[in-house]
Amino acid sequence: MTPVRREKAERLADEELMPWIAEKDPEAFEVFYDRHGGVAYSLAYRILGDRTAAEDCIQEAFISIWRSGARFDPTRGSVRSWTLSVVRNRAIDALRSKAGRAPKLTFDDDAILEARPAEERTEEQAIEHETAGEVRDALTHLPADQSKVIQLAYFGGFSQSEIARMLNLPLGTVKGRMRLGLEKIRGELAEGMA
Amino acid sequence: MNANEHDARLEEAAAFALGALDAERVDDFERHLEGCERCQEELRWLAPAVRTLPEAVAQQAPPPELKKRLMDEVRTDARRERAAEGSGFGEWLRGLRVGGMTWKPLAGLAAAVLIVAAGIGYAVGSGGGSGNTHTWEGEQANGIQASVVREGERGQLHLADVEPLPQGKVLEAWVEREGTVEAVPALFAPDQAGEASTEIEDMKGVSAVMVTKEPAGGSRQPTSEPIVEVPLES
């Protein structure tokens, strides 16, 4: 492949950029970073709570994407959610290592893709472009006990049993709150799309 | 499985979607998922909520230095990749170089003689001399004086005005031969006078010579920009 020029790369959709990245085209990768680096860094910072650690996480995650770009399968999910999954896994693992907890997550980016039902993709892509504010609202409006277990799970990387011990709650209560909270967020997303 | 048992599975779906299902429960849930359309449907329904959670965090601007570090590493990777693919020394050099490179001969030497002035050089012609010895020399943009002398099939690379190397670094020479880049086995370092030399045992088919700073022990592929570039024209 002839290296893609920056102005051309900027006109390409994410899924069209990935083959260029797989061919080790720095211009394509720079555009990819410019699109997703901000939200990725924000996620890493939210999880790690430290700027230096967040920078290290983003450096590692994006380099892993650069080096494994050929493995991205566009039929399995959007580039953005795949990228954020890679970042979250790295950040949670760093968090667990720092806290002396056993690493729980894998660095296998293929596993991230494989874990996702392909059918969700179209709806997901429609949602993710429009709903950051709605998710923020939904999280804000969740009952505090439901919001807490979801945030401990997603941003803290804790399992339901760990959360139950931490909050001194029965495991069944934690499971129930997780489900109710996610159902409410999902319901608000569906309303937002209606 | 009765309805109560299945409801318990459904409750696990939320934890599974969040990546919070206890590790010892994951395999069991995945086996159940393979044959349970209701749980698959529940996961499909919940998944977008999970996928959008990272979009909900307060936005922080990443520092510009982060992008610079990242892109430096990416570009170095890309250059290595091109070099490893044997896409040619010239293409690799074009990727590394700022500005162009042209040629100027050094009159009075034994054979075809070039002054190589990286970035500002220009071609003037070739000199005369005895048939079996060729010399190329010139000043690099960084002030290093470089010469390559070929006698028969052997060559000698000599550098002058080389600054002391950082601790743990050596000089490594590379040659382009028929479109591929090869390391010159003998690593070298400047002496106190700033002079450094290495032998190139096989000059047959070599069309360019360059030098990079590499970690002690050398590298299989160049890992930094060249401090010397000497294209050889016969």
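Guide: In this predicted model, α2(A) passes α3(A) in a left-handed crossing; a crossing is left-handed if the near helix is turned anticlockwise from the far one by less than a right angle, and right-handed if clockwise. Local features need pLDDT of at least 70 and side-chain atom pairs count only at pLDDT 80 or more, while totals for chains, interfaces and linings use all residues. Residues are numbered from 1 along each chain as its sequence is written, with chains lettered from A and ligands numbered from 1 in the order in which they are written.

The residues of α2(A) that make the contact are Asp14(A), Leu17(A), Trp20(A) and Ile21(A); α3(A) contributes Ala28(A), Phe29(A), Val31(A), Phe32(A) and Arg35(A). Two residues are in contact if their C-beta atoms, placed from the backbone, lie within 7 Å. By class, seven of these residues are nonpolar, none is polar and two are charged (Ala, Val, Leu, Ile, Met, Phe, Trp, Tyr, Cys and Pro count as nonpolar, Asp, Glu, Lys and Arg as charged, and the others, Gly among them, as polar).

As to geometry, helix α2 spans residues 14-22 of chain A and helix α3 residues 26-48 of chain A, helices being DSSP runs of H or I with at least four residues, numbered from the N terminus. Their axes lie 8 Å apart, at an angle of about 140°; axes are lines fitted to C-alpha atoms over the stretch in contact, and angles run from 0 to 180 degrees between N-to-C directions. The two helices are therefore oblique to each other, since angles under 35 degrees count as roughly parallel, over 145 as roughly antiparallel, 65 to 115 as roughly perpendicular and the rest as oblique.

Chain B, for context, has five helices and 10 strands, strands being DSSP runs of E with at least two residues. Four of its strands form an open antiparallel sheet in the order β7-β6-β9-β10, where two strands pair if DSSP finds at least two bridges between them.
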